[in-house]
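Here is a short tour of one protein chain, written to be read with the model open beside you.

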Amino acid sequence: MNQCTAVALLPPPAYADPGQSPEAGHVLCELGEGHAEDHAAMLWDQDGWPGSAVWVRWDAGDARLAPLPWCSVLDPRDADAACGLFAGHPAAHDWEVVDPTGAAITEELARLHPHLFR
């Protein structure tokens, strides 16, 4: 399943160190395409504590920050790796979601430098 292509522009933070000019930034939805709920992107994680990952969730006109616990479902191909999305996320787990841009870059690099992909 391909990754959702939704993008949101977040305003600059209201706080900044003196002499700095914070800028707006964009986020890409990390969920699989066709999900029924709000879009989501992880912004940062506070040392892996439960509920410490801060995600931005958005729809057509509203973006909000939400501290969410990690999904605990283990990757069937690697018992040491859990899903990199939040608990209760809609649609597929992260190992089932393919970033088409990343896949195209990897394919081109493998073609140009096959020795790196053995």
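## Around Val-27

Val-27 touches Ala-6, Val-7, Ala-8, Leu-10, Ala-41, Leu-43, Val-56 and Trp-58, leaving aside residues up to four places away in sequence. Contact here means heavy atoms within 4.5 Å.

A word on the source: this is a predicted model, in which local features need pLDDT of at least 70 and side-chain atom pairs count only at pLDDT 80 or more, while totals for chains, interfaces and linings use all residues. Residues are numbered from 1 along each chain as its sequence is written, and side-chain values use heavy atoms, with hydrogens and water left out.

## The nonpolar core

Val-27 also belongs to the largest nonpolar core, which has 20 residues. Together with Cys-29, Leu-31, Trp-55, Val-56, Trp-58 and Phe-86, Val-27 touches the most other members. At least two residues of this core come from each of strand 1 (7-10), strand 3 (39-45), strand 4 (53-58) and strand 5 (63-68). Strand 4 gives the most, with four residues.

Such a core is a set of buried Ala, Val, Leu, Ile, Met, Phe, Trp, Tyr and Cys residues joined through side-chain atoms within 4.5 Å. Buried means under 20% relative accessible area, exposed over 50%, and partly exposed in between (1.4 Å probe, protein chains only).

## The chain as a whole

The chain has one helix and seven strands, in the order β-β-β-β-β-β-β-α along the sequence. Helices (H or I, at least four residues) and strands (E, at least two) are DSSP runs, numbered from the N terminus.

The C-alpha trace spans about 50 × 35 × 30 Å along its principal axes. Of the 118 residues, 28% count as buried.

Ile-105, Leu-109, Leu-116 and Phe-117 make a nonpolar surface patch of about 390 Å². Ile-105 lies in helix 1 (residues 100-112) and is partly exposed, at 49% relative accessible area.

Accessible areas come from the Shrake-Rupley method with a 1.4 Å probe; for residues, only the protein chains shown count as cover.

How values were computed: Patches are made of residues with over 30% relative accessible area and no salt bridge: like charges are joined within 9 Å, nonpolar side chains (Val, Leu, Ile, Met, Phe, Trp, Tyr) within 5 Å. A salt bridge is a side-chain nitrogen of Lys or Arg within 4 Å of a carboxyl oxygen of Asp or Glu.
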